[in-house]
Amino acid sequence: MDVFKKLWMARKLILVVFIPLSLLPLPLIHPTSEACCAYVLMVTAVYWVSEAVPLGAAALVPAFLYPLFGVLKSSEVAAEYCKDTTLLLMGVICLAASIEKWNLHKRIALRMVMIAGAKPGMLVLGFMCCTVFLSMWLSNTSTTAMVMPIAEAVLQQLICTGLADGHVDSETAEAPEDDSAVSDKEENFDKNQLELLYRNDSDCTKQELSTGDEGANGLGLIRHTNGHLPQVAIEIPNVKRVRTRRDSQYPTKKDHMICKCLSLSITYAATIGGLITITGTSTNLIFAEQFNTRYPDAKVINFGTWFIFSFPIAIIMLVLTWLWLHFLFLGCNFRETCSWSKKRKTRREMLSEMRIQEEYAKLGPISYPEVVTAVFFILMTLLWFTREPGFVPGWTSLFEKKGYRTDATVSVLLGFLLFLIPARRPFSSSSSSSSSSCRDTESDPLAPMITWKDFQKLMPWEIVILVGGGYALAAGCKVSGLSVWIGRQLEPMSGLPPWAVTLLACLLVSAVTEFASNPATLTVFLPILSALSETLQINPLHTLIPSTMCVSFGVMLPVGNPPNAIVFSYGHVKISDMVKAGFGVNLIGVAVVMLAITTWGVPLFDLNEFPAWAVARNVTGIL
């Protein structure tokens with residue numbers, strides 16, 4: 001038993017050594033460029049899927065195996081690890097760092113929840129809307145880590161109020177004209193209950209819930225890069241806290257269901273929001289760069305076209321996911337859970353609204369850095385949309401030389417300016433900064449909006465290397481001709497209609513991504529699907545775009561992506577809850593994506609025709 005235990009503990013090391021040795025006969029028996037490239041591709045893919053080594057480290061495998069096998073020169077491989085999307089990502093991270101530093105994201109989230117109200121159905125929808133909006137620009141992980149504490153504070157208020165009321169708060173009362181109608185005695189009692197709950201939670205120790213090693217301080221840090229950017233260190237509540245809450249008595253079963261519904265809605269909304277923009281997740285960036293590299297003559301994928309295609313998908317998915325979660329956990333009585341009427345409010349709903357308003361009041365008036373960040377946010381979005389909108393000439397037409405300016409140019413320029421613009425209002429005697437950043441601006445009146453330390457804290461360097469490894473693999477396939485060989489092997493599928501090929505691809509990647517990393521899954525499948533599309537004379541976008549979106553639908557297990565793990569750690573949901581709800585969300589996502597690619601995606605990307613840029617690439621064999 002000790003031998004098996006030691007072997008199990010060393011399983012990753014054994015896999016790292018065994019896989020290259022077991023596959024080594026392939027390039028030795030068939031010393032061709034295709035076989036050597038296939039060997040490197042398989043070794044890298046196994047490392048990615050098994051996570052035997054960190055994803056970023058596995059992405060470096062092509063950097064030394066390609067030169068050793070004579071597939072690519074070392075200088076050629078190195079050039080693949082830094083592309084235009086790397087600069088685009090760096091500019092976006094600068095803006096994200098400013099948003100998080102000055103708490104603009106928290107102000108947006110609280111304001112949207114205040115608008116939605118405290119009715120359970122509308123509260124869930126409000127949290128989902130603000131999470132989707134924030135996830136468009138921030139990483140899915142960061143968005144979830146920011147929104148969940150706000151939701152948890154509301155849920156704890158719900159639990160404490162239910163315990164204090166002794167299960168009689170289902171009776172409704174006339175809503176008071178102002179908050180003063182709630183007695184001070186009741187408010188103090190509930191605050192004491194909430195304080196006691198926080199004190200009990202703080203007595204628990206912290207335990208790590210991550211793929212990395214346990215830190216000396218005992219804090220759980222998630223550094224998984226499962227298709228979300230940027231990734232940040234996140235403190236995760238310990239398992240003891242999770243077990244305590246699961247065993248504790250919720251005021252009613254309905255309260256427990258509200259907690260489940262709200263928790264799961266946040267992780268699903270973060271995934272939906274990441275689909276909308278080309279910078280929303282790393283998988284979108286991987287697709288954009290690999291597509292533009294493989295088809296350089298195709299000028300169809302940019303921020304504007306992606307947004308036009310994906311925004312309706314996100315809206316439909318948001319509504320259907322909300323309905324599915326409402327049906328699953330809250331039932332079908334939408335009139336009771338979604339009423340905006342102020343005439344009928346329970347005492348608990350009034351206290352929940354007060355709790356949210358208190359959190360918003362703590363932010364104080366909007367500060368000067370928040371205004372600057374919001375202006376940069378709007379300016380970056382407008383410049384992205386108007387660069388090459390397609391139906392009218394964009395601002396790039398003002399320049400004599402065409403093709404030199406991309407979305408990365410805009411993001412890097414505005415990101416660079418954030419390092420220069422002072423965070424203190426000009427000609428102001430006092431700093432208008434907020435919270436922890438106030439001291440920095442007081443000590444240095446010319447302190448910039450963000451510092452390099454702020455940027456470095458959010459910059460996902462592992463994602464940059466991972467994306468670069470995917471580009472290197474694609475470049476190796478281009479030179480060796482491996483993709484042409486793969487395309488010939490897929491010719492028997494030529495009898496299938498395009499929608500069937502796309503549906504099979506979507507179902508396959510959405511199943512694989514439940515257990516494997518999103519970026520790794522997409523990086524492995526993109527060259528295969530591209531070769532398949534060219535062989536079947538299908539517009540490559542018909543299969544690549546839906547597969548890119550469906551690879552984000554790993555929502556059935558806590559290990560599917562970091563937002564799932566964050567939500568699961570709060571202890572309101574079990575794995576069975578996530579599987580049941582996630583399966584429905586997965587089906588909704590695949591169905592909506594298939595609807596989009598067969599309806600408004602057809603005229604947007606001209607999917608009925610096999611494009612000239614794909615014909616040229618198919619004829620010449622260039623990858």
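Helix H1 contributes the largest share of the nonpolar patch, namely three residues. The model described here is predicted. The patch lies on the surface and is formed by Val3, Phe4, Leu7, Ile14 and Phe18, which together have about 540 Å² of accessible area. At least two of its residues come from each of helix H1 (2-9) and helix H2 (11-23). Phenylalanine 4, for its part, is located in helix H1.

A second feature is the packing of two helices. Two packed helices are described by the angle between their axes and the distance between the axes. For helix H15 (residues 282-294) and helix H26 (residues 518-535), the axes come within 10 Å and cross at roughly 35 degrees. The crossing of H15 and H26 is right-handed. On the H15 side, the contact involves Ser282, Thr283, Ile286, Phe287, Gln290 and Arg294. Their counterparts in H26 are Asn518, Pro519, Leu522, Thr523, Leu526, Pro527, Ser530, Ala531 and Glu534.

Turning to charged pairs, the structure contains four salt bridges. One of them joins aspartate 454 to lysine 101, with 3.0 Å between the closest N and O atoms. Aspartate 454 belongs to helix H22 (residues 452-458) and lysine 101 to helix H8 (residues 84-101), so this pair ties together parts that are 353 residues apart in sequence.

Backbone geometry provides a further point. Most residues other than glycine have a negative phi. Asparagine 103, although not a glycine, has a positive phi of about 60 degrees, and glutamine 537, likewise not a glycine, has a positive phi of about 60 degrees. The table gives the location of each.

| Residue | Phi | Location |
|---|---|---|
| Asparagine 103 | positive, about 60 degrees | loop between H8 and helix H9 (104-116) |
| Glutamine 537 | positive, about 60 degrees | loop between H26 and helix H27 (541-550) |

How values were computed. Residues are numbered from 1 along each chain as its sequence is written. This is a predicted model: local features need pLDDT of at least 70, side-chain atom pairs count only at pLDDT 80 or more; totals for chains, interfaces and linings use all residues. Side-chain values use heavy atoms; hydrogens and water are left out. Axes are lines fitted to C-alpha atoms, for helices over the stretch in contact, and angles run from 0 to 180 degrees between N-to-C directions. Helices (H or I, at least four residues) and strands (E, at least two) are DSSP runs, numbered from the N terminus. A crossing is left-handed if the near helix is turned anticlockwise from the far one by less than a right angle, and right-handed if clockwise. Contact means heavy atoms within 4.5 Å. Patches are made of residues with over 30% relative accessible area and no salt bridge: like charges are joined within 9 Å, nonpolar side chains (Val, Leu, Ile, Met, Phe, Trp, Tyr) within 5 Å. Accessible areas come from the Shrake-Rupley method with a 1.4 Å probe; for residues, only the protein chains shown count as cover. A salt bridge is a side-chain nitrogen of Lys or Arg within 4 Å of a carboxyl oxygen of Asp or Glu.
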